[in-house]
Amino acid sequence: MSPARHLVDGAVTFPAAGPVGTGATLPRPDPCQPARPVQLPALQGDARELRERARKVVAVALLDCSGSEYAADGDRQMFRMAAMRSLARLMRRTGGGAMHVVHWGTRPVHAHGPADVTSAFKPLDQALLHDPGPMGGNDFAAAAELARRLLADAREDAIGLVFGVTDGLEPITDRMREAVDTLLPARVHMLMVPGDNCPDALAQQWTALPIATFTRLPSDNRAMAHAVGAVYAEAVGGRLPVQTGRVPAARTLHGLLSARR
């Protein structure tokens, strides 16, 4: 198994964040205008093959709702939710598939799904728009274990995609590694937002997990949408057109994304 795919931006200095995994529950912030989903361009590739593979996709959105995401420098505009809403729209236009929504903090909650992205798009979109508020500390291992149970009910030839969208402020444990490893053959993709909040040393530990990709992202709905869209495109055998000059660059750790296996 090859290491997670990530980029390096040597010109970027990532500031140290606060205490990792403190588990503190912060007050719910004043309402902010939620980030909007992005209409991604249609995938390039054989249309029939794309439709056939799209219908097999079962995506699990693991959305970090720990206290740090609600801090002043956290994701108060819900860019992590907007990214999954963008993905749901792309899935629907490509041919279908299903999605689960999981919110996690001290413990994970299966908020919605499996929802067909075509016939049940509206309630799925509402579930992704929902902000549950701070859910305490972090337990990504429990969220990954829940994702495994959800995918166990999928069809035998399902294409499992697990998106962990988090600020990454959680210590890496053996239980985490085991939970991610048992998700195979589903591919796990970690997106850090706000990407600058995850210290370099901790980010390096995340990349050592058996995940397919690791990406640090700015708080920008276009950058996040294109990151998840590119992962989805690869999974269904297509390609997401690049809109040069319009999408803020993702901050990752080591070169272009490479295959997990």
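Mentor: We start with the model as a whole, then take salt bridges, helices and cores.

Trainee: How do you know how far to trust this model?
Mentor: The model is predicted. Its confidence score, pLDDT, runs from 0 to 100. The mean for the protein chain is 82, and 80% of the residues reach 70 or more.

Trainee: Where does pLDDT stay under 50?
Mentor: Residues 5-30 stay under 50, and the model has 67 contacts there beyond four places in sequence. Over residues 246-261 the pLDDT is also below 50, and that stretch has 70 contacts beyond near neighbours in sequence.

Trainee: What makes up the secondary structure of the protein chain?
Mentor: Seven helices and six strands. Along the sequence the pattern reads α-β-α-β-β-α-α-β-α-β-α-β-α.

Trainee: How much of the protein chain counts as buried?
Mentor: Buried means under 20% relative accessible area. Of the 261 residues, 54% are buried.

Trainee: Why is the pair R48 and E52 called a salt bridge?
Mentor: The cut-off is 4 Å between a side-chain nitrogen of Lys or Arg and a carboxyl oxygen of Asp or Glu. R48 and E52 have N to O at 3.4 Å. That is within 4 Å, so the label holds.

Trainee: Where do R48 and E52 sit in their helix?
Mentor: They are four residues apart in helix α1, residues 47-54, separated by about one helical turn. An α-helix has 3.6 residues a turn, so residues three or four places apart point the same way.

Trainee: Is R48 buried or exposed?
Mentor: Exposed means over 50%. R48 has 59% relative accessibility, so R48 counts as exposed. E52 has 41%, so E52 is partly exposed.

Trainee: What makes R175 and D139 a salt bridge?
Mentor: Their closest N and O atoms are 3.2 Å apart. The limit is 4 Å, so R175 and D139 qualify. R175 lies in helix α5, residues 174-181, and D139 lies in the loop between α3 and α4, so the pair ties together parts 36 residues apart in sequence.

Trainee: Why is D139 called buried?
Mentor: D139 has 17% relative accessibility. That is under 20%, so D139 counts as buried. R175, at 38%, is partly exposed.

Trainee: How do you know that D174 and R177 form a salt bridge?
Mentor: Their closest N and O atoms are 2.9 Å apart. That falls within 4 Å, so the pair qualifies. Both lie in helix α5, three residues apart, about one turn of the helix. D174 is exposed at 60%, while R177 is partly exposed at 34%.

Trainee: How many salt bridges are there in the whole structure?
Mentor: The search finds 11. K56, R155 and D157 are linked in a network of salt bridges.

Trainee: What makes one side of α5 the buried side?
Mentor: The buried residues of α5 are M176, A179 and V180. They cover an arc of only 95° around the axis, which puts them on the same side of α5. The face turned away carries the exposed residues D174 and E178. The cover over the buried residues includes α4, β5 and α6.

Trainee: How do you know that α2 has close to the expected span?
Mentor: Helix α2 runs over residues 79-94, which is 16 residues. At 1.5 Å a residue, 22 Å is expected. From first C-alpha to last, α2 reaches 23 Å, close to that value. G95 follows α2, with a positive phi near 155°.

Trainee: Why is α2 called mostly covered?
Mentor: Of its 16 residues, 14 are buried. R89 is found in α2. R89 has 15% relative accessibility, under 20%, so R89 counts as buried. Beyond four places in sequence, R89 touches P37, Q39, F121 and D125.

Trainee: Which residues touch the most other members of the largest nonpolar core?
Mentor: M84, F163 and Y232, in a core of 49 residues. Elements giving two or more residues to this core include α1, β1, α2 and α7. Apart from this core lies another, of 31 residues, among them A186, C198, W206 and F214.

Trainee: What does F163 touch?
Mentor: Beyond four places in sequence, its contacts include A59, M84, L87, H189 and V231.

Notes
Residues numbered from 1 in each chain as written. Heavy atoms only, no water. Buried < 20%, exposed > 50% of the residue type's maximum accessible area, 1.4 Å probe, protein only. Arc of directions from axis to C-beta. Contact = heavy atoms within 4.5 Å. pLDDT = per-residue confidence, 0-100. Expected span 1.5 Å × (residues − 1). Core = buried A, V, L, I, M, F, W, Y, C linked by side-chain atoms within 4.5 Å.
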